[in-house]
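Welcome, and thanks for taking a look at this model with me. Please keep the viewer open while you read.

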Amino acid sequence: MSAEPGAGKAEEVQAIEETDDIEVRDPVSAPDAEGRPRRTTRRFPLFTRDTARPEGGGRAASGDLPAPARQWPVLLVLGLVGVGLLVTALDVFRAGTLLIGGALLAGAVMRWLLPSVGMLAVRSRFTDIVTYGVLGLTIVLLALMAQPDPLLRLPFLKDALHFTVEN
């Protein structure tokens, strides 16, 4: 503590004078006690300077466990995709591609249901679910329509083919 009763006032006046020449770069920031701009609203600034972790991008298991156990969702999806690629390489095309599409759909379901999925979280929860879901569903549908002997027949595709390719 200071022995002079007016010493605290002088420091406050000096701090106020120093904040007069602070440059605020965007309208949603205001200087804090040290004079650095800080966010005062939840709106995004006009220009971003760094990236934030996606929602759900924390560890999928506690930090005490080894790295593979903490990242089990992404390892499960990658493992299933790897097995699907191996099955496809062994000339069982339809089963392999169904496994790949199913792995992506499983990733979409995990992203939707689990609060933390580790590195399976890439963007926002909505974007990840839509991306994994659309890619997985597309791969599954293409695998079901693959020739010869497709398991899924869509009549309008045959008409579209006849319309674009003539004899």
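## Ground rules and layout

This is a predicted model, in which local features need pLDDT of at least 70 and side-chain atom pairs count only at pLDDT 80 or more, while totals for chains, interfaces and linings use all residues. Residues are numbered from 1 along each chain as its sequence is written, and side-chain values use heavy atoms, with hydrogens and water left out.

The protein chain has six helices and two strands, where helices (H or I, at least four residues) and strands (E, at least two) are DSSP runs numbered from the N terminus. Read from the N terminus, the order of elements is α-β-β-α-α-α-α-α. Of the 167 residues in the protein chain, 23% are buried; buried means under 20% relative accessible area, exposed over 50%, and partly exposed in between (1.4 Å probe, protein chains only). Contact means heavy atoms within 4.5 Å, and among contacts between residues at least 6 apart in sequence, 49% join residues at least 24 apart.

## Helix H3

Helix H3 (72-89) has 18 residues and reaches 25 Å from its first C-alpha to its last, close to the 26 Å expected at 1.5 Å a residue. That expected span is 1.5 Å times one less than the number of residues in the helix. The buried residues of H3 are Pro 73, Val 74, Val 77, Val 81 and Gly 84. They lie on the same side of H3 because they cover an arc of only 100 degrees around the axis, the arc being that of the directions from the helix axis to the C-beta atoms. On the face turned away from this buried side, H3 carries the exposed residues Leu 86 and Ala 89.

Gly 84 is buried, with a relative accessible area of 0%, and, not counting residues up to four places away in sequence, it touches Gly 96, Leu 99 and Ile 100. Val 74 counts as buried at 14% relative accessibility. The C-alpha atoms of Val 74 and Met 119, 45 residues apart along the chain, are separated by 6.1 Å; Val 74 touches Met 119 and Leu 120, again leaving out residues up to four places away in sequence.

Helix H4 (93-113) has 21 residues and spans 30 Å from its first C-alpha to its last, close to the expected 30 Å. Its buried residues include Gly 96, Thr 97, Ile 100 and Gly 101, and the buried residues of H4 pack against H3 and helix H5 (125-145).

Two packed helices are described by the angle between their axes and the distance between the axes. H3 and H4 pack at an angle of about 170 degrees, with their axes 7 Å apart. Here the axes are lines fitted to C-alpha atoms, for helices over the stretch in contact, and angles run from 0 to 180 degrees between N-to-C directions. H3 and H4 are therefore roughly antiparallel to each other; angles under 35 degrees count as roughly parallel, over 145 as roughly antiparallel, 65 to 115 as roughly perpendicular and the rest as oblique. The contact involves, among others, Leu 76, Leu 80 and Val 87 of H3 and Phe 93, Leu 99 and Met 110 of H4.

## The largest nonpolar core

Which residues make up the largest nonpolar core? It has twelve residues in all: Val 74, Val 77, Val 81, Ile 100, Ala 103, Leu 104, Ala 108, Met 110, Val 117, Leu 120, Ala 121 and Tyr 132. H3 and H4 each supply at least two residues of this core, and the largest share, five residues, comes from H4. A nonpolar core is a set of buried Ala, Val, Leu, Ile, Met, Phe, Trp, Tyr and Cys residues joined through side-chain atoms within 4.5 Å. Val 81 touches Ile 100 and Ala 103, not counting residues up to four places away in sequence.

## Asp 91, in the loop between H3 and H4, has a positive phi of about 70 degrees although it is not a glycine, and counts as exposed at 71% relative accessibility.

In the loop between H5 and helix H6 (155-164) lies Pro 148, and the peptide bond from Gln 147 to Pro 148 is cis, with omega near -5 degrees.
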